[in-house]
Amino acid sequence: MNDKVLVIEAGKTEQQYFRDLWRYRELFWFLAWRDILVRYKQTVFGVLWAVLRPFLTMVVFTVVFGKIAKLPSQGVPYPILVFTAMLPWQFFSNAFSEASNSLIGNANLLTKVYFPRIIMPTSTIIVSLVDFFISFAILIVLMVFYKYAPSWNILTLPIFILLAFLTAMGAGLYVAALNVKYRDFRYIVPFVVQFGLYLSPVGFSSNVVPEQWRLLYSFNPMVGVIDGFRWAVLGQSLNGTSFLLSIGMSIAFFMFGLWYFRKTEKTFADLI
Amino acid sequence: MSETMIKVENLGKCYQIRHEGREKYKTIRETLARKISSLWSPSQEGKASIEDFWALKDISFEAKKGQCVGIIGRNGAGKSTLLKVLSRITEPTKGRIELRGRVASLLEVGTGFHQELTGRENIFLNGVILGMTRNEVARKFDEIVAFAEVEKFIDTPVKRYSTGMYMRLAFAVAAHLDVEIMVVDEVLAVGDSNFKAKCLGKMKDIGNNEGRTVLFVSHDMGSIRQLCRQVVLLSKGELIKVGEMQEVTSYYEAMSTHENNENVPTKIRKPGNPNYHLNKVELRNTQGLPCSKFAVNEIMEIHLWSNTQAPVGRYTIEFVLYNSKGYRISWGAANPIQNTYFDKEDTHYVCKLGPLPLTTGIYSFTFVVRIWGMERWDMWEDAISFEINQCDMFKTGFEITSGEAEFMINQQWEARNV
């Protein structure tokens, strides 16, 4: 151990970053574990809360879009159509909000100990992922209830979960870094999340969007994620170009968030 | 045998200070508003308000294996910044540090402790946050619990712990870190004396028996004396002295008593007469010796010097006394209070002040020179500070601090029964 020399020099810390990331991997899991533990200890409903929220939203959307607006669902029971989109959307919005606030929420840690800062926002996403898997149970119950069998495409579902993860992480990293410098960004996050719910095809199928607007619509990275989910779970058809564009946007979000975070990371402890 | 574990070379850390806002963070609203307003008045809001501030300048020292090196200096000397740079929380602006081995920074006891989690959960969480692996924590677990004396409460959330238990547990985790280098900031400043003694003992062990290197910051000369053989003295970001404990600590103590005599550059100087200003101030006790610590009811002499003779005759000097919270608590002047004026050729002024009715704390003086008719020549803000270190005015064995009273009044109590 003693022959390992760590050199700290202005501007040279970059080189150790990825080695450190590996060294601190346990911290990543511990922070996630802490958040999960605290979350389910403090709330009375605990697990129920993770289940109830998407379920009630789904009921409302089914009534509003399915029953009142009578939007088409391509032969899929409307509650299932909504819920397959609700799952990734809830995951994204929770993960994005939690990650955005993670740095200022843990300011005491940032100013007192060193670790690769990226661990902080990323580990909070794990909590949302746990919530996601819990609410996934509802989907199974719904499918059993409506006797709707999933297609074999479901095996590709992990890819779309990863895609949602990357999108949330990119957006989360970006806003988390901005939050350190500009505190009023935290007011923007709930707004984006609320707006995004209606901008993304959660309550309706993206086929409802007129053909000429499709491409523009696909600039929303969550369109690709949600369409992917519906393709994987319900076997609905995909619009190739807009799907690829949307996936490209997800990856671009991730890359940009990562780049910005890494660029500003060094100054966090001085600014926060 | 004595391998160099920490090598610091020409280390510098520069912060950029913005003068317009107190807050380090901004809001996008403010930034936009400023950008827009600077569109038509670009000269006012600009880069002029950003100033470089070197919190550390050209620091070099070494620490060997098994050594405990103390870092001392007054508030703002750069001690904490040095620890932050060493523990990689913030990057240096200049220079180079070589660290041989893993570093654990203990800048605060209980970093990352979560109130809702149990003692057991917190031990693991805190251990990992401080840089241990899960297995290492598990191996040390029993030792940690035994040291903290919390066996019975190990599965109780720490929010139900007493402060003492909480501190013991937090220190225990940190003290059992299996690292080669430990960086410790003022952790012993809290807790009861039993706990302090125990921590000091453990810290001594860490250095002497376990062969680890410790960098230790403290205001408490007692703990520095007990723990450290080598001491680094910092002042205003610069390294003043490094060497044997005895030598450096006595130098530091001598420095703190004389510190106020040195010609401190004024922070804020309101423009007045460009050729005349106060340039030296000294506080003396009744024996006429320079002093920065006074007891309640002591008499103080303020000595002031100006750089040249005043261009005109008949002027007065005022003082304003501030407490450490920045409140203006007293005022005095040669005129009108005493109807004394100074004359053209005067360059050395003395004010006998007291008995001081002040409670323990730090106080500072601002001086103003005025010509007859209230024109201000010179204003020297925050020119000198002093400490009231004893406030047992009525000899009761009970010290009164500024938390209890700002100043003391003579009092007589009696019962008057009808």
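Me: In which strand of chain B is N10(B) found?

Reply: Helices and strands here are DSSP runs, numbered from the N terminus, where a helix (H or I) needs at least four residues and a strand (E) at least two. N10(B) is found in strand β1 of chain B, which covers residues 4-18. Before reading on, keep in mind that this is a predicted model, in which local features need pLDDT of at least 70 and side-chain atom pairs count only at pLDDT 80 or more, while totals for chains, interfaces and linings use all residues. Residues are numbered from 1 along each chain as its sequence is written, and chains are lettered from A and ligands numbered from 1 in the order in which they are written.

Me: What is the phi of N10(B), and is N10(B) buried or exposed?

Reply: Most residues other than glycine have a negative phi, and most peptide bonds are trans. In N10(B), however, phi is near 45°, a positive value in a residue other than glycine. For burial, one counts the other C-beta atoms, placed from the backbone, within 10 Å of a residue's own: 20 or more make it buried, 12 or fewer exposed, and numbers in between partly exposed. N10(B) counts as exposed because it has 12 C-beta neighbours inside 10 Å.

Me: Where is R88(B) found, and is R88(B) buried or exposed?

Reply: R88(B) sits in the loop between α2 (79-86) and β4 of chain B, and its phi, near 70°, is also a positive value in a residue other than glycine. R88(B) is buried, because 22 other C-beta atoms lie within 10 Å.

Me: Which residues does the cis peptide bond join?

Reply: The cis bond joins G354(B) and P355(B), with omega about 0°. P355(B) belongs to the loop between β16 (348-353) and β17 (361-371) of chain B.

Me: How many residues of chain B are in contact with chain A?

Reply: Two residues are in contact if their C-beta atoms, placed from the backbone, lie within 7 Å. By that rule, 39 residues of chain B are in contact with 34 residues of chain A. On the chain B side, the elements that give two or more residues are α1 (28-40), β4 (94-100) and α3 (119-129), and β4(B) provides the largest share, six residues. To sort the residues by class, Ala, Val, Leu, Ile, Met, Phe, Trp, Tyr, Cys and Pro count as nonpolar, Asp, Glu, Lys and Arg as charged, and the others, Gly among them, as polar. The side of chain B that touches chain A then has 14 nonpolar, 11 polar and 14 charged residues.

Me: How many bridges join strand β1 of chain A to β4(B)?

Reply: Two strands pair if DSSP finds at least two bridges between them. Strand β1 of chain A (residues 5-9) and β4(B) run antiparallel and are joined by five bridges, and within β4(B) the bridge partner of V7(A) is E98(B).

Me: What is the pattern of chain A along the sequence, and how many helices does chain A have?

Reply: Chain A has 12 helices and one strand, and along the sequence the pattern is β-α-α-α-α-α-α-α-α-α-α-α-α. Buried residues make up 44% of its 272 residues.
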